[in-house]
Amino acid sequence: MADILTIIAPVFLLIMLGYGLGRTRLFPEGSSAILIAFVWYIAIPALLFSSLAPRDLPHAGELVLVGAYYGSLLFLYTCAVMIARYVFRLTMAEQGLFALSACFANGGFIGIPIIEGAYGAEGVRLFLVLLSFHSLTLLPTTTIIIEHAKGRGDGPGILVRTFMSIRQNPIILALLSGLSWSALGLPYPEWLDRLVSLPAGAASPVGLFAAGLALSRVQISGDIKQASVAMVLKLFILPVIVFSVAHFWLMLPDIWVGVATLMAALPSGMIAYSFAMQHGIGSRRAATTVLISTGGSAVTLSVVLVMLRAFGYSD
């Protein structure tokens with residue numbers, strides 16, 4: 001248990017530090033946006049590129065891991081839409097954003113240090129491969145639902161708007177760059193490794209502090225019941241589904257199962273809140289989901305790590 005606390009405690013203590021300082025005048029409004037932009041556009045892409053470019057191409061078998069995770073995610077997304085429609089009677093656009101909040105993990109900020117502490121560099125590489133498909137799948141799906149709700153779901157326009165939602169995603173660009181570099185067998189000199197490793201090393205600490213700063217501006221402001229259900233889907237149901245598929249059905253390698261399950265147990269990401277704000281739909285619900293799931297994940301991630309150790313899925 002002590003080693004699990006060693007993995008979990010520094011992550012959430014750094015988030016709490018960012019949260020606490022975000023409530024002071026030391027970091028004024030907008031500080032978190034600057035740090036998040038650095039992590040999202042520079043640090044995480046550098047980490048992804050450095051994990052792919054100097055290595056051989058991921059083997060085709062790893063696509064099974066991607067399929068296991070995103071098949072489970074699609075199932076939960078569909079369940080979340082049904083709950084939003086038939087239980088909470090939300091509009092179609094709200095259904096999509098409710099499902100996004102219940103599925104989109106805070107991988108870039110909280111996920112990386114958790115995975116690194118549990119499974120090391122190879123775990124981070126596998127995690128980044130999974131994370132690369134996150135925006136590529138969830139954001140276009142939610143965009144299509146919202147566009148249909150606005151009556152703009154027909155014709156080529158929806159394809160353009162969907163493409164616009166992901167075309168500038170730095171994670172996808174870094175993925176393509178790293179895979180291309182590896183496929184072409186280009187040299188990866190020491191100076192380039194040192195250059196890329198500098199921002200890559202900042203991804204975890206700056207990301208965690210920035211997440212705390214961002215959460216300090218978020219308040220629990222309503223829709224508690226709906227946000228609580230989204231949190232349960234994200235922190236409890238999704239990890240069970242992913243673990244069951246990866247372990248019992250597909251019998252994937254230990255580290256694959258562990259990484260996928262931990263990713264599933266991560267709290268809701270700020271992108272769900274930003275997406276809701278962008279479209280002016282369900283932003284209070286998304287903000288509440290992000291805040292309470294982040295707090296709750298300190299406990300649930302510890303439990304998931306204990307369970308993985310119990311099943312023998314340790315590093």
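Reply: Start with handedness. A crossing is right-handed if the near helix is turned clockwise from the far one by less than a right angle, and left-handed if anticlockwise. Keep in mind that this is a predicted model.

Me: What is the handedness of the crossing of helix 2 and helix 8?
Reply: Take helix 2 (residues 31–52) and helix 8 (residues 170–184). Their axes come within 8 Å and cross at roughly 25°. Angles under 35 degrees count as roughly parallel, so helix 2 is roughly parallel to helix 8. The crossing is right-handed.

Me: How many residues of the contact of helix 2 with helix 8 are charged?
Reply: Helix 2 brings W40, Y41, I44, P45, L48, F49 and L52. Among the residues they meet in helix 8 are P170, I171, L175 and W181. The contact divides into 13 nonpolar and three polar residues, and the charged count is none.

Me: Where is the kink in helix 2 centred?
Reply: The 22 residues of helix 2 should span 32 Å at 1.5 Å a residue, and the end C-alpha atoms are 31 Å apart, which agrees. Even so, the helix has a kink of about 35°.

Me: Is helix 3 parallel or oblique to helix 5?
Reply: Helix 3 is residues 62–86 and helix 5 is residues 107–132. Their axes come within 10 Å and cross at roughly 55°. That angle makes helix 3, relative to helix 5, oblique.

Me: How many nonpolar residues are in the contact of helix 3 with helix 5?
Reply: From helix 3 come E62, L65, V66, Y69 and Y70. They meet R125, L126, V129, L130 and L131 in helix 5. Two of the contact residues are charged, none is polar, and the nonpolar count is eight.

Me: At roughly what angle do the axes of helix 3 and helix 10 cross?
Reply: Helix 10 is residues 224–249. Its crossing with helix 3 is right-handed. The axes come within 9 Å and cross at roughly 145°.

Me: How many polar residues does that contact of helix 3 with helix 10 hold?
Reply: Helix 3 contributes residues including Y69, S72, F75 and I83. Helix 10 contributes residues including V229, L233 and V245. The contact has 14 nonpolar residues, no charged ones, and a polar count of one.

Definitions and conventions: Residues are numbered from 1 along each chain as its sequence is written. This is a predicted model: local features need pLDDT of at least 70, side-chain atom pairs count only at pLDDT 80 or more; totals for chains, interfaces and linings use all residues. Side-chain values use heavy atoms; hydrogens and water are left out. Axes are lines fitted to C-alpha atoms, for helices over the stretch in contact, and angles run from 0 to 180 degrees between N-to-C directions. Helices (H or I, at least four residues) and strands (E, at least two) are DSSP runs, numbered from the N terminus. Angles under 35 degrees count as roughly parallel, over 145 as roughly antiparallel, 65 to 115 as roughly perpendicular and the rest as oblique. Contact means heavy atoms within 4.5 Å. Ala, Val, Leu, Ile, Met, Phe, Trp, Tyr, Cys and Pro count as nonpolar, Asp, Glu, Lys and Arg as charged, and the others, Gly among them, as polar. The expected span of a helix is 1.5 Å times one less than its number of residues. The bend at a residue is the angle between axes fitted to the seven residues ending there and the seven starting there.
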